[in-house]
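Subject: Handover of a structure and notes on its contents

Dear colleague,

Please find below the structure that I am handing over to you. My notes on what was found in it come after the display.

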Amino acid sequence: MMTQNSYKKRGQVQLGETTAVIAIVIILLVIGIVFWNKVSNSNVSDIRTQSQELSVIEIANMVPELTELKCYESGVNKVKCLDWYKILAMNKSINDKNNKDVFLFYNDYFKNSKITISVVYPDVLGNNNITIYDARLNNSTKTLLISIPVNIRDYVNKETFYGTIIVEGYYNE
Amino acid sequence: MSNENQCMQNIQNIKSGNNHKNHMNLWLLNNTNNTQNNSNGYRIFRKSNKSKRGQIEAFGLTFIVILISIGFFIFISFKAGQPKENPQKEFTNDKLANDFVLSILDVSVQDCEQYTVKDLIIDCARDHRIYCKDTGSGGDGSDIDSCIAVNKSIDTMLNRTFMTTRTKFRFYSENIYYEGKELINITNLNCTSTSVQGQRGVAVISLYPASLNVYLNMNICYT
């Protein structure tokens, strides 16, 4: 009778142990899954941000190299120099409300971004900032901004300005 | 009880179906020579043996758990220690300093429109012949020499770009002396030579025919 009771007790203790172990394992597993989910989510968002930043950098690198904007002297192009009158012409043709062909052509390259050329020094009469391209296609909430120093050359008045190309990328959060 | 009697008793127990004792007795049958002769002694032996095994198991389990925890912490600290890539910051730090220093050289100076920053730097370092009218902000139209004009123009450019974006930087010249000290030394947000240095841009201006070069340095400090 005594031995039977002791076996029963031992069985109960073992069952309790097993249940506790299973419970602990399940709790650990749940904590692990939650933690892993958070880590992988933050990784995905980091990769997304990085790729968005890289695409803005790509556009920022492209703009000063456009033949449509670069300075040429005796047929040789100048590094990091934009022609003031080419900027004005490009602004006019891209933002032409009656003809969207030019805008659509550049949309392939510039995508959802805003490109502004800003004249910093010396002061100019009128507008210092010219937005040559703006494609805010939807109500994006996030913008990434990169600005690059350049020279802006006015070949008519023989003046060189210091300016910046400001590229803003629009992205959905 | 002798061994022989004990064996007989065990066999009888098995035959009569005394199940709760069968397991124990069968074990005893196989180990009669190894155990003590009284049944209490057998129980003590079994208990201590089992408790030792349990202790070893617990120790092993603890060891494995500790190993896994250490591995987990090493993984987490390794992951957390890795610097996050920031292409935008890297690109800006990589290009900004050099592009700025190279761009300003060809810029026309507001007070002397026929001259560029480079022309005035060369004149300030070598000849001191060019004078400009102080017509900029706060200017009274008086004559200013090339050194003051160039210092003023660079200060304005830095003010309108790096200072408005609150970038930590140090812009300084080498080999242009004005009134006994270096002409340009502009620092923003305590970026000194001992701060953590980011990208550095240098423009070299030759003072030919004098055998000397002037350097314009732009150091961007990490925040």
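The notes below begin with conventions and then go through the findings by region.

This is a predicted model, in which local features need pLDDT of at least 70 and side-chain atom pairs count only at pLDDT 80 or more, while totals for chains, interfaces and linings use all residues. Residues are numbered from 1 along each chain as its sequence is written, and chains are lettered from A and ligands numbered from 1 in the order in which they are written.

The sheet of chain A

Helices (H or I, at least four residues) and strands (E, at least two) are DSSP runs, numbered from the N terminus. Two strands are taken to pair if DSSP finds at least two bridges between them. In chain A, six strands form an open sheet with mixed pairing and the order 1-2-5-6-3-4. Its edge strands, strand 1 (70–73) and strand 4 (129–134) of chain A, each pair on one side only. From one strand to the next, the twist averages 30 degrees. Over 13 bridges, strand 5 (residues 142–154) and strand 6 (residues 159–171) of chain A pair in the antiparallel sense; D154(A) stands opposite E159(A) in strand 6 of chain A.

A helix of chain B also packs on this sheet: helix 6 (residues 146–160) of chain B touches strand 3 (113–121) and strand 6 of chain A. The direction of helix 6 of chain B makes about 155 degrees with that of strand 3 of chain A. Axes here are lines fitted to C-alpha atoms, for helices over the stretch in contact, and angles run from 0 to 180 degrees between N-to-C directions.

The contact between the chains

Two residues are in contact if their C-beta atoms, placed from the backbone, lie within 7 Å. The contact takes 24 residues from chain A and 25 residues from chain B. On the side of chain A that touches chain B, helix 1 (2–62), strand 3, strand 5 and strand 6 of chain A each supply at least two residues. Helix 1 of chain A gives the largest share of that side, eight residues. By type, the residues of the side of chain A that touches chain B are 13 nonpolar, six polar and five charged; Ala, Val, Leu, Ile, Met, Phe, Trp, Tyr, Cys and Pro count as nonpolar, Asp, Glu, Lys and Arg as charged, and the others, Gly among them, as polar.

V107(B) lies in the loop between helix 4 (87–104) and strand 1 of chain B. Why does V107(B) count as buried? V107(B) is buried because 23 other C-beta atoms lie within 10 Å; the cut-offs are 20 or more for buried, 12 or fewer for exposed, and partly exposed in between, with C-beta atoms placed from the backbone. Leaving aside neighbours within four places in sequence, V107(B) is in contact with residues including Y121(A), F161(A), Y162(A) and T116(B).

Helix 2 of chain A

In helix 2 (residues 84–94) of chain A, the buried residues are W84(A), K86(A), M90(A) and I94(A). They lie on the same side of helix 2 of chain A because they cover an arc of only 160 degrees around the axis, the arc being that of the directions from the helix axis to the C-beta atoms. Y85(A) and K92(A), on the other side of helix 2 of chain A, are exposed. The buried residues of this helix pack against strand 2 (76–83), helix 3 (101–110), strand 4 and strand 5 of chain A.

Chain B

Chain B has six helices and 10 strands, and buried residues make up 26% of its 223 residues. Strand 1 (residues 108–109) and strand 2 (residues 112–116) of chain B pair in the antiparallel sense over two bridges and form a hairpin with two residues between them.

Backbone points to check

Most residues other than glycine have a negative phi, and most peptide bonds are trans. The peptide bond from Y121(A) to P122(A) is cis, with omega near -15 degrees, and P122(A) is in the loop between strand 3 and strand 4 of chain A. Another cis peptide bond joins Y208(B) and P209(B), with omega about 10 degrees. H128(B), which is not glycine, has a positive phi near 55 degrees; H128(B) counts as exposed, with 12 C-beta neighbours inside 10 Å.

With kind regards
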